[in-house]
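Work through the two exercises below with the sequence and the structure at hand, and try each task before you read its solution.

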Amino acid sequence: MSPLPAVWKLKRFLNIGNERKYKEAIKTVNQFAMDVIKSKEERNDYRTHDDLLSRFMASSWDMGFEDEDRRKFLRDIVISFVLAGKDSTSTALTWFFWLLDGHPHCKQLIRKEFSTLMSSSHHTHPLNLAFDDLKNLNYLHAALSESMRLFPPVPINSRLTVDDDVLPDGTYVGKGWFADYSAYAMGRMERLWGPDCREFKPERWLDGDGVYQPLDQYKYPVFHGGFRMCLGKEMAYLQMKSVVVAVMHEFEIEVIGGGGTPEKMVDPPYSLSLLLSMKNGLHVRLKKRQQRSV
Ligand code: HEM
């Protein structure tokens with residue numbers, strides 16, 4: 001972000017200031033991931049366990065790596081999955097619970113949907129719901145998509161061009177230029193979403209039978225589009241649905257200071273970073289639910 005590349009290059013060469021801090025931070029993150037891998041190797045349980053890292057470890061044995069290269073490969077996988085998968089889903093859920101508090105009608109419809117699901121399934125606790133059960137939560141799926149339309153966890157995405165190019169609309173992009181798009185701005189464009197684009201309306205994602213209808217990824221680039229699209233999209237929905245169902249089953253959530261009502265959505269409390277975080281976090285009061293049929 002420095003105005004002249006020579007500034008950061010000099011700092012990096014001399015190992016001073018934020019370049020030094022950056023190098024140290026990378027070392028800390030790498031060490032953390034390496035420790036996870038080494039401790040798993042010591043336990044020697046990755047052939048019998050089926051978590052994600054165990055699977056990567058088991059399959060990487062046959063890839064012809066030297067030991068240290070294999071560990072570095074696994075280290076990069078651990079880091080990319082933690083970075084890509086943890087803060088993105090928690091950011092999405094933060095805005096989701098904020099919006100739900102400001103839209104009690106939607107909250108009610110979500111409760112009603114999983115109440116129906118629980119009564120038609122043989123499971124007694126939402127945490128035991130299977131993949132297909134969660135898949136059938138159409139309204140919840142729509143509400144999560146709608147929440148991410150207005151508050152995309154990755155609000156702006158950038159690409160650096162490797163060569164001159166011309167975009168489909170005729171725009172010229174030169175080699176070495178940055179090309180950015182804002183999923184946040186696109187989610188609020190009347191041209192794409194109609195005159196009610198500023199409203200939180202999960203119904204816009206449902207057909208007449210209440211079945212979720214996925215939309216064009218270029219209209220909704222929350223998980224990016226085309227090449228290098230998010231690999232964890234389905235997993236993210238699954239995780240978020242499980243968390244929402246488990247939390248709402250157990251608690252009534254009250255947002256301190258009030259949630260995302262239409263009035264508050266005009267000037268939402270975001271702070272812009274790589275992710276669209278909520279300024280000062282989401283403060284809530286949890287009340288244990290007495291009667292927990294759902
Ligand atoms: C709401 C949750 C999530 C959102 C909004 C999201 C969004 C994105 C976006 C925008 C990208 C493209 C980044 C880029 O190339 O500039 C991406 C890539 C990626 N995501 Fe996600 N993500 C989410 C959850 C997850 C989860 C849970 C996982 C894994 C468990 C995951 C794994 C990945 C991976 C591996 C990539 C890199 C794909 C590649 O470069 O080929 N994501 N995600």
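**Exercise 1: two helices**

Helices H4 and H5 are roughly perpendicular to each other, because the angle between them falls in the range of 65 to 115 degrees. The model is predicted, so that local features need pLDDT of at least 70 and side-chain atom pairs pLDDT 80 or more, while totals for chains, interfaces and linings use all residues. Residues are numbered from 1 along each chain as its sequence is written, and side-chain values use heavy atoms, without hydrogens and water.

Task: find the angle at which H4 and H5 pack, and the residues that make the contact.

Solution: Helix H4 covers residues 67-102 and helix H5 residues 104-120, and they pack at about 110° with their axes 5 Å apart. In the contact (heavy atoms within 4.5 Å), H4 places Phe-96, Leu-100, Asp-101 and Gly-102 against Pro-104, Cys-106, Lys-107 and Ile-110 of H5.

**Exercise 2: the ligand**

Task: which protein atom is the donor of the iron atom of the ligand, and where does its residue lie?

Solution: The only protein donor (an N, O or S atom within 2.8 Å of the metal) is SG of Cys-230, at 2.3 Å. Cys-230 lies in the loop between helix H9 (190-193) and helix H10 (233-250). Next, turn to the ligand's oxygen atoms: a side-chain N or O atom of Asn-157 is 2.9 Å from one, and a polar side-chain atom of Arg-159 lies 2.9 Å from an oxygen atom of the ligand.

Note on methods: Axes are lines fitted to C-alpha atoms, for helices over the stretch in contact, and angles run from 0 to 180 degrees between N-to-C directions. Helices (H or I, at least four residues) and strands (E, at least two) are DSSP runs, numbered from the N terminus. Angles under 35 degrees count as roughly parallel, over 145 as roughly antiparallel, 65 to 115 as roughly perpendicular and the rest as oblique. A polar contact is a pair of N or O atoms within 3.5 Å; within protein, one must be able to donate a hydrogen and the other to accept it, and residues adjacent in sequence count only if both atoms are side-chain atoms. Donors are N, O and S atoms within 2.8 Å of the metal (3.2 Å for Na, K and Ca); water is not among the atoms, so sites may look incomplete.
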